[in-house]
Amino acid sequence: MRGVLTVKEKKYLSPHYIRINLEGDDLPNFRNAKKGENNKIVIPKDKAVPLNLSGLSSGIGMEEVHIRTYTMRDLDLEKKEMTIDFVAHGESGPASTWAIYAQPGDQLGVLMKQREKQLYLAADWYLFAGDHTALPVISVMLESLPYSAKGKAIIEVYSEEDVINMSSPPGIDIQWIFNSSPGKKSILAGYLKNLELPADTSRFVFAAAEQSAIHDIQDFLKNSALHKSEWQTYSYWKFTEDKNG
């Protein structure tokens, strides 16, 4: 599934979180896609040059674009729009820069593979943990949980101003934690290590964040009472001093 879409609407949900709705004639190409799935976004280096995705698989035109992996936050074929959320962390990366300056009509390429893998495993108790970059997929998972679900979500964002409304079952406790220097440090792993995981019940833990934070979380989970089948972790980005995503 692939297509060139254009910005329909852009909205800051918080100071560091941008929602962009996309539209275009290629939108029906994604009719079999599911929200929460990963996609490759193709960002033009020069938005004055029309995007052409036809040669990318063979490397043609790669020097004219940036390609990053993002979560499809929503897809509404009746409204004829796809939604992708972006973390705005300044002009240190091409995706953040594009989202900050995006205007209606700007082009964005989207590449997806159809997958049958479930976003999460059914369990009696859930734990979702992530930094700001994981907020889109965690939001989708919380929305899709059964009403009777129980568990916790821990989400690390820049500040209290970045707390947004989220839909989730009443049995899911959502905890927001604040870190004004994501990447340089992470407090996410520390919060997980202090949690008491329920015993004698089925559990599912999902964690996604910056690479070093995920390494710490993996070390904790490997030494916990959880079975490997009960947790999934993903490194969404890697911090460097001059370019953090």
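# Exercises on a predicted model

## Exercise 1: Helix H4

Task: Find which residues of H4 are buried, and determine how they are placed around the helix axis.

Solution. 

Step 1. Locate the helix. H4 covers residues 211-222, which is 12 residues, and spans 16 Å from its first C-alpha to its last, close to the 16 Å expected at 1.5 Å a residue.

Step 2. List the buried residues. They are Ala-213, Ile-214, Ile-217, Phe-220 and Leu-221.

Step 3. Look down the axis. The buried residues of H4 lie within an arc of 120°, so they line one face of the helix.

Step 4. An α-helix has 3.6 residues a turn, so residues three or four places apart point the same way.

## Exercise 2: Aromatic pairs

Task: State how many aromatic pairs a search of the whole structure finds, then classify the pair Tyr-126 and Phe-128 and the pair Phe-206 and Tyr-234.

Solution. 

Step 1. Count. The search of the whole structure gives five aromatic pairs.

Step 2. Take Tyr-126 and Phe-128. Their ring centres are 5.8 Å apart and their planes meet at 10°; planes under 30 degrees apart count as stacked, so this pair is stacked. Both Tyr-126 and Phe-128 are buried.

Step 3. Take Phe-206 and Tyr-234. Here the centres are 5.6 Å apart and the planes are at 35°, so the pair is tilted. The pair links distant parts of the chain, with Phe-206 in strand E10 and Tyr-234 in strand E11, 28 residues apart.

Step 4. Check the accessibility of the second pair. Phe-206 has a relative accessible area of 3% and is buried, whereas Tyr-234, at 28%, is partly exposed.

Step 5. Tyr-70, Phe-86 and Trp-98 form one aromatic cluster.

## Exercise 3: Asn-21 and Pro-50

Task: Describe the setting of Asn-21 and that of Pro-50.

Solution. 

Step 1. Start with Asn-21. This residue lies in strand E2 (residues 17-23), and its relative accessible area of 10% makes it buried.

Step 2. Give its contacts. Apart from neighbours within four places in sequence, Asn-21 is in contact with Thr-6, Val-7, Lys-8, Glu-9, Glu-81, Met-82 and Thr-83. With Thr-83 there is a polar contact between side chains, at 2.7 Å.

Step 3. The C-alpha atoms of Asn-21 and Leu-108 are 11 Å apart, while the residues are 87 places apart along the chain.

Step 4. Turn to Pro-50. This residue is in the loop between strand E3 (38-44) and strand E4 (65-76). Exposed means over 50% relative accessible area; Pro-50 is at 63%, so it counts as exposed.

Step 5. Give its C-alpha separation. Pro-50 and Val-4 are 46 residues apart along the chain, and their C-alpha atoms are separated by 9.4 Å.

Notes
Residues are numbered from 1 along each chain as its sequence is written. This is a predicted model: local features need pLDDT of at least 70, side-chain atom pairs count only at pLDDT 80 or more; totals for chains, interfaces and linings use all residues. Side-chain values use heavy atoms; hydrogens and water are left out. Helices (H or I, at least four residues) and strands (E, at least two) are DSSP runs, numbered from the N terminus. The expected span of a helix is 1.5 Å times one less than its number of residues. Buried means under 20% relative accessible area, exposed over 50%, partly exposed in between (1.4 Å probe, protein chains only). The arc is that of the directions from the helix axis to the C-beta atoms. Rings of Phe, Tyr and Trp (its six-membered ring) pair if their centres lie within 6.5 Å; planes under 30 degrees apart count as stacked, over 60 as edge-to-face and the rest as tilted. Contact means heavy atoms within 4.5 Å. A polar contact is a pair of N or O atoms within 3.5 Å; within protein, one must be able to donate a hydrogen and the other to accept it, and residues adjacent in sequence count only if both atoms are side-chain atoms.
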